[in-house]
Amino acid sequence: MSKIIPVVEGFGEERAVPCLIRLWLEHRNFQRYFEVPDLAINAKGCGKLKAAYDIERHLGIEHYIKAALRNQPDAILVVLDSDGGCSNRAQGDGLGPQLLARAKAIANNVPLAVVVANCEYEAWFLANFRSFRDRGIFLRHKRIVDELSPESHVGCKGIVAEFIGEIYEETTHQLELTRRLRFSPASTRRSPSYGKLIRDLDRLTKESRM
């Protein structure tokens with residue numbers, strides 16, 4: 001059985017991202033071939049993943065890749081929010097490719113992916129807006145301003161809070177809503193970063209079994 005180790009930026013994703021990986025494995029009927037820990041490696045802040053490598057201060061994606069390698073993984077998946085950081089970069093200087101290059105430099109050829117949610121992880125819930133609304137997860141009378149482009153919205157957490165009708169708590173709702181995600185072509189078209197997540201999971205499962 002192959003092992004996928006996730007690395008994330010915060011406490012909400014600590015449980016949500018392993019759940020998301022297992023959900024996708026079940027979707028592909030791959031669950032009997034892979035194991036995923038209940039808790040991801042938590043950097044406790046996306047700034048710690050993006051920061052320059054500092055071995056003493058536990059900064060930089062390199063530090064967390066080394067932590068993942070101690071678990072003897074067959075694949076590593078890093079997930080973090082862009083928080084608008086991608087839009088402030090020059091063309092050809094993407095945050096994801098930059099972090100991926102740094103991570104690969106020390107990953108010892110372990111299959112690896114870096115997925116940057118644009119702008120927030122919660123945009124992936126908005127990409128599933130119709131499915132969530134039809135199943136009563138989002139309030140039925142709510143409408144999204146631009147359903148076809150959820151990544152264009154600033155403050156996705158606030159929009160999700162409005163749609164569920166209560167205060168949004170990352171450590172509670174992120175896992176709860178992740179369990180309801182779907183992997184439809186429509187949702188991946190609406191959210192390019194969600195589509196990239198699916199493609200990277202497909203690649204990682206193939207490479208890890210090779």
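Biologist: How many helices and strands does the protein chain have?

Modeller: The protein chain has ten helices and five strands, and please keep in mind throughout that this is a predicted model.

Biologist: What makes the protein chain as compact as a globular protein of that length?

Modeller: Its radius of gyration is 17 Å, close to the 17 Å that the globule rule gives for 210 residues, so the chain is as compact as a globular protein of that length. Along the principal axes, its C-alpha atoms fill a box of roughly 50 × 40 × 30 Å. Of the 210 residues, 53% count as buried, and among contacts with a separation of 6 or more, 71% come from residues 24 or more positions apart.

Biologist: Why is strand β1 called largely enclosed by the rest of the structure?

Modeller: A residue counts as buried when its relative accessible area is under 20%. Six of the seven residues of strand β1, which spans residues 2-8, are buried, so the strand is largely enclosed by the rest of the structure.

Biologist: How do you know that β1 and strand β4 pair, and in which sense?

Modeller: Pairing calls for at least two bridges between two strands, and β1 and β4 (residues 75-81) have five, in the parallel sense; within this pairing, Val-7 stands opposite Val-78 in β4.

Biologist: What joins β1 to strand β2, and what pairs β1 with strand β3?

Modeller: Two bridges join β1 to β2 (residues 34-35), and these strands run parallel, with Lys-3 standing opposite Glu-35 in β2. Two bridges also pair β1 with β3 (residues 41-42) in the parallel sense, and there Val-8 stands opposite Asn-42 in β3.

Biologist: Which elements make the right-handed β-α-β unit, and why is a crossover called right-handed?

Modeller: The unit is made by β1, helix α1 (residues 11-27) and β2. A crossover is called right-handed because, with the strands pointing away from the viewer, the path from the first strand over the helix to the second runs clockwise.

Biologist: How do you know that Arg-133 has no salt bridge, and is Arg-133 buried or exposed?

Modeller: Arg-133, which lies in helix α6 (residues 129-134), is buried, and the nearest side chain of opposite charge, Asp-134, is 4.0 Å away, yet no salt bridge is counted. Leaving out residues up to four places away in sequence, Arg-133 touches Phe-138, Leu-139, Arg-140, Lys-142 and Arg-143.

Methods. Residues numbered from 1 in each chain as written. Predicted model: local features only at pLDDT ≥ 70, side-chain atom pairs only at ≥ 80, totals over all residues. Heavy atoms only, no water. Buried < 20%, exposed > 50% of the residue type's maximum accessible area, 1.4 Å probe, protein only. Helix = DSSP H or I, 4+ residues; strand = E, 2+ residues; numbered from the N terminus. Lys, Arg positive; Asp, Glu negative; His and termini not counted. Contact = heavy atoms within 4.5 Å. Rg over C-alpha atoms; globule rule 2.2 N^0.38 Å.
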